[in-house]
Every structure is written in C-alpha cells, then in structure tokens.
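Please load the model shown below in your viewer and keep the sequence panel open.

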Amino acid sequence: MARTAPTAYNHRLEPIYFSDTVMSTPMLPVFQLGRALIHASRAPRRWPRGLAAVVLLALAACGGTEPAGDTEADLVERARGIHERVITLDTHDDINTANFTAERNYTQDLPTQVTLPKMEAGGLDVSWLIVYTGQGPLTPDGYAAGYANALDKFDAIHRLTEEIAPERMELALTSDDVRRIVAEGKSVAMIGVENGYPVGEDIARVEEFYERGARYMSLAHNGHSQLADSNTGEGSGEWLHGGLSDLGREAVAEMNRVGIMIDLSHPSKEANLETLALTRAPVIASHSAARALGEHSRNMDDEQLQALAENGGVIQTVAFRSYLDPEKNSAHNAAAQDVIAQVADEMGFDMPEGGRRAMFQAMQSMSDEERDAYMAEYERVQAAAEPRIREEVFPVAPPVSVTDLVDHVDYMVELIGLEHVGISSDFDGGGGVEGWDDASETFNVTLELVRRGYSEEEIGMLWSGNLLRVLDEVQAVAAEIQAGG
Ligand SMILES: [Zn+2]
C-alpha cells in the first residue's frame, strides 16, 4: 500500500496519519478564570470515600493511634501489586496498517507507542485497536473509499491476532474473553471503530462491523458525517444536522440491536445529548476528558457528563496533552520550541520561521525521500535538544503529565461517580503525557491513582471494570431486543 503523507505529527514528531491533533484549537482566555476557581475550591489531595473508610478502620484497629505512614517504597510496592492484579485496559490506540505485515509488526520494537513488547513491559493488558476513517465527502465514492479503508484496518487487526502473533495476543469480543485471555498470560486486542462514515448509507454494515469484531463505534470524527454533527462544528460555527441525522438515529437503534457500544468522543454536544436520549443501552466516551478542566470541544462539559452518568455509561479519561491542559501544553511547547530552534541553529539545520507548523507546511512540498531525510535530520536535532529541554524548560514550563490526567479522573469521579470513569491514551493518534507516553509506562498511572488514595477495587474499576460492565450491559440489551423485547 502506498504511504500517504502524514496529516500531522505528535509531540515527539512521529507522523500521525489519523490524528486528534489536527483539530487542536487555541485556548479561550475566558475559561482560565473558571479553571482557576475550580482548582482553588479543591483540596490539594482528595481522600476518596473508600480510603476514608479504610483509614477509619485502621484507626479503630489501632485503638486510635495513627496509621503507619507509607514510605515511598511501600507505596510503589503496593502499587506494583495492584497493577499486577487488576486488568488494565486502554480504549483508544490508533494503528497504521503498514505496521501489521509479516515483515513489520507489533511483535517488534517499533517506534509506535503501542507494541506487544511495550504492552508486556508496562503491564497493559488490553488495547482497543482502532478502525479509524478520516471524514471525507458525503458521496457514494467517499463512502466506498471509507469502507475500503475500514476493511483494511479490520483485516490488519485480525492478521495480528490470528497470523502474526496468535500466541501473544488474542482478540476479545466479550468481557469473559478478556478475563480468560488475561488469565492465559496473553495480551488482549479489542476493536473500536472511530467514525461511522464507512457505514455509508447502508445500515446493514453496522452488523457487518460487529461480525468483524467491532465492539464500539462513534457516529462521527472531525467533520460532520452522514450520521451526526462533529464537535468541530464549534470551531466553524456550521452544523449539518443540528445533532443526529435520521440515518444517525437509525444507527443508534441498530447499534443497540446488534450490541455495539456507542462512542460519544468526537460528535457534537447536541448529537451526544440526542444519542443519550435515544439509546436503550449505556454508552461510552472512548477518549475524552473534562471540559471544566480543559477547554476543548473534544472534552465533555458537566451537562454531558451528568447525562452520561444517568445513562449508566463511562467516560475513558484521555491522556491527551492539549485536551487535559491546553494552556500548560502550549506554554511547554513554545518554550521547548525555542530550545529546539537554538539547537537547530547550532547544528546548521534549516528550520523555517514559524515553528513546527511552518516546518510541516514546508514538508508538504517534498518528495517522500526528501521528507524522510529531512525528518531524520530533525530527529537528530530533537535528540540533541532533549536533555536541554528537560533541564531548562521542565522547571519553568512543565509538560502535561500523569498528574494532570489523574486530576481529570478525580474531577469526574467527584462529579459523576467512580463507576462512570475510566482511562485511555489515544496512543499513536496524538495521545501520551509525560509519565505515560507509551504502553511501557502504564504502571505510572496506577502509581498516581494509589498516591491519590484510590483502593485496589476502585483502581480495577477505573482501569477496566466500568468499561467491561458497560459492554456486558450493551450485549444484554442487544439480546433482549433480538428476543423481541
Ligand atoms: Zn480521536
């Protein structure tokens, strides 16, 4: 398959062919006040109900003396045990089918954020691999191309689990599958569909995708689809349906009938509220964060979060820098870019004025070979700049990190309840934060949750229990509908 030009690059400047980053919007200053107020009103370290109960019990058991203080080593040790015992599940990992061939695949140490060695090293048990289709024209040709793209990705995932690495990874279709495969010591793949565009106008394809292993699907990505308006309408001010289309409403009913979870990440707020009103089964947001903390149209505001909780659904908090904290991320990137520009200058690398954006524009006019050579040179500059960025930039403009991710988890747990919150990375689609920048660093998330006082049971729910509960419920509702209920 011919390699197309990347649509963007992630923060480490690896090419992204299917990115969330392409629609990052600048922060609106008006929200800074709201954000500051939220932070001011929250205690620096929360003690969740579960922990408070444990502490009270410990106090009672010790006859009122203080519980033994945890040393850092105790804490890490405890977190390691928990990380080992719970099932860790990440609902959003993008793929490039060029990495799903006999010669080049996830059994190898590829530069992608997800590979089997990285999952194994980081104790990440379950990766939802994504059948992503970028939004194209709402025409028969557009739908045909979208459908072909989707089939290529379904086939790639099946190739990985059935031909390339069946002894190391297996595709799960149910929560029982997940538990069985993990118990056998293998990694688990599941399939999510990002954008219902490839369904075209043929609603029967929803069931076809289910048969191919899909267990969630979003009705849109960035740009309005034939099924639903996209969050990107907020930027353009233009809407196509004012929520869902008639076909989108049909898709909701069909996904309920066949047993595919509906994914609210990417469609517009209007479309999501309409979906929540219509669906007979709980839904998910596969990779979004809290808009109250990170002003971005890809995040869910409190009204959407409340509606999601009432529906019984779950939001998978995404480790995406510009969604978690757009201002902090911009400040860090700008400062890091200054250092990179200095290093480029010292190394005689020709970097156009205007930072990375200008550089990517310049690369658009290059041939594949020129672009590869230019990127290789830029990577050398970046590697040389890295230690200086850590030393000079991190103390004054720190990167968005695992603590910011868990701030969103805390916020949503407090607002809608722990049983409605989960975790996702958006690896290889623009995601990753300092501390959880690829699958091999997954333990750091568990460690931060332990630091905040979450219990093992709560951490198990956040990592996979809540998401798998929704999957079970969706499949139970489907069985009921198919039985004529
Ligand atoms: Zn996405």
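The stops below run from the whole chain to individual elements.

**The whole chain.** Begin with the complete model, which is predicted. The protein chain contains 18 helices and eleven strands. Buried residues account for 47% of its 485 residues. Among contacts between residues at least 6 apart in sequence, 74% join residues at least 24 apart.

**Confidence colouring.** Next, colour by pLDDT. The chain averages 88, and 86% of the residues score at least 70. Now select residues 1-19, where pLDDT stays under 50 and the model has 38 contacts beyond four places in sequence. Residues 21-67 likewise stay under 50, with 41 such contacts.

**The largest nonpolar core.** Select Ala214, Met261, Ile284, Leu405, Met412 and Leu462: of the 105 residues in the largest nonpolar core, these touch the most other members. Helix 18 (residues 456-482) supplies the largest share of this core, nine residues. Then centre on Met412. Leaving aside residues up to four places away in sequence, Met412 touches Ala290, Leu305, Ile315, Thr317 and Val421.

**A second core.** A separate core of nine residues includes Ala336, Val343, Ala385 and Val393. Keep Ala385 and Val393 selected, as both are among the buried residues of helix 15.

**Helix 15.** Inspect Ala385, where the helix bends by about 35°; a proline, Pro387, follows within four residues. Val381, Ala385, Ile389 and Val393 are buried in this helix. An α-helix has 3.6 residues a turn, so residues three or four places apart point the same way.

**Strand 4.** Finally, select residues 126-132. Why is strand 4 largely enclosed by the rest of the structure? Seven of its seven residues are buried, so the strand is largely enclosed. In a regular strand the side chains alternate between the two faces of the sheet. Here both faces are covered: Val126, Trp128, Ile130 and Tyr132 are buried on one side, and Ser127, Leu129 and Val131 are buried on the other. Asp93 stands opposite Leu129 in strand 4.

Methods:
Residues are numbered from 1 along each chain as its sequence is written. This is a predicted model: local features need pLDDT of at least 70, side-chain atom pairs count only at pLDDT 80 or more; totals for chains, interfaces and linings use all residues. The bend at a residue is the angle between axes fitted to the seven residues ending there and the seven starting there. Helices (H or I, at least four residues) and strands (E, at least two) are DSSP runs, numbered from the N terminus. A residue is buried if 20 or more other C-beta atoms lie within 10 Å of its own, exposed if 12 or fewer, and partly exposed in between; C-beta atoms are placed from the backbone. Two residues are in contact if their C-beta atoms, placed from the backbone, lie within 7 Å. A nonpolar core is a set of buried Ala, Val, Leu, Ile, Met, Phe, Trp, Tyr and Cys residues joined through C-beta atoms within 7 Å. pLDDT is the predictor's confidence in each residue, from 0 to 100. Two strands pair if DSSP finds at least two bridges between them.
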